[in-house]
Amino acid sequence: MTDPTTRAGRHAPTTLDRPDHPDLGDLRGRADLPGPDEGTDHRADGSSWTVADEPVHSPGAAMLLREYFVEVADRWYRLHRGRGATAEEIEQGLAEHHSDDLVPPHGVLLVGRYGGEPAGCVGLRRRDDATAELTRMFVRPARRGTGGGAELLRAADLAARAMGARRITLDTRLDLLEARALYARHGYAEIAPYKEDPYAECFYGKELV
C-alpha cells in the first residue's frame, strides 16, 4: 500500500453508510485493514500498544479514519477501475459520511496507540440488544506486524460486553484477505448475510463468552 499522505488532498489529519456516489458504495462499513499480526510481533524498539476510546473528531481518531477510508477506497478502485480513488472522491466520501454514530451509549470508537502515537482504530455500534457490529478496523501500514490488530480486537470484545452485547458481527469484502484471516484467528466464523449491501461480500460473527 502506498502512504495515503503522498497524494494530493489527503494530508490533513481530519476525520465515513453509503455515499451517494455509485462507485464508492458503503466503504465506511468495511471493518478491515489491520494487516497480519499474530506471530510477527516486531517490537524491537520496546514500544507497546495501548487502546482507549476517543471522540471521533479528536485529531488522532480523525487522522486514522481518513487513512482508513483512503485505503479501502483506493483498493476498491484499483480492483474495479484500475486506478486509485481521486482526491475529490475521497473528500466527497469523507464529507458526506461521517462516524458520528460511534458514540456512547450505542457506539464507540477505540483508538490504538503504538509508542504513544495513533496507529490503529476499530469501531462498534449496537445493532440490537444482543449484537454489536464491528467496523472501521484499521492499522496504519507502518505498524502492521506489531500485534495491533489483535489488541484492537481484544479491546473491541471488552467494549462490546460493556455495551451489553453477547455477540459481534461484521461485514467485509472478499479482496480484504488479511483482515478476513485475522478475524478467523480471533474466533470469527462466516455467517449468513444480515443486511442488504452490494459491497458486503462476506459476513462474520463471534459469540462473546
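Visitor: How do you know the order of the strands in the open sheet?
Guide: This is a predicted model, in which local features need pLDDT of at least 70, side-chain atom pairs count only at pLDDT 80 or more, and totals for chains, interfaces and linings use all residues. Residues are numbered from 1 along each chain as its sequence is written, and side-chain values use heavy atoms, with hydrogens and water left out. Strands are DSSP runs (E, at least two residues) and helices likewise (H or I, at least four residues), numbered from the N terminus; two strands pair if DSSP finds at least two bridges between them. On that basis, seven strands form an open sheet in the order E1-E2-E3-E4-E5-E7-E6, with mixed pairing.

Visitor: What makes E1 and E6 edge strands?
Guide: Each of them, E1 and strand E6 (189-191), pairs on one side only. From one strand to the next, the twist averages 30°.

Visitor: How do you know that E1 and E2 pair?
Guide: Five bridges link E1 and E2 in the antiparallel sense, and the definition asks for at least two, so the two strands pair. Tryptophan 49 stands opposite tyrosine 114 in E2.

Visitor: Why is the pair of tryptophan 49 and tyrosine 114 called tilted?
Guide: Rings of Phe, Tyr and Trp (its six-membered ring) pair if their centres lie within 6.5 Å; planes under 30 degrees apart count as stacked, over 60 as edge-to-face and the rest as tilted. Here the centres of the two rings, tryptophan 49 and tyrosine 114, are 5.5 Å apart and the planes stand at 50°, so the pair is tilted. Tryptophan 49 belongs to strand E1 (residues 49-53) and tyrosine 114 to strand E2 (residues 107-114), so the pair ties together parts that are 65 residues apart in sequence.

Visitor: What makes tyrosine 183 and tyrosine 204 a tilted pair?
Guide: Their ring centres are 6.2 Å apart and their planes at 55°, so this pair is tilted. Tyrosine 183 sits in helix H4 (residues 177-185) and tyrosine 204 in strand E7 (residues 202-207), so the pair ties together parts that are 21 residues apart in sequence.

Conventions. Axes fitted to C-alpha atoms, helices over the stretch in contact; angles between N-to-C directions.
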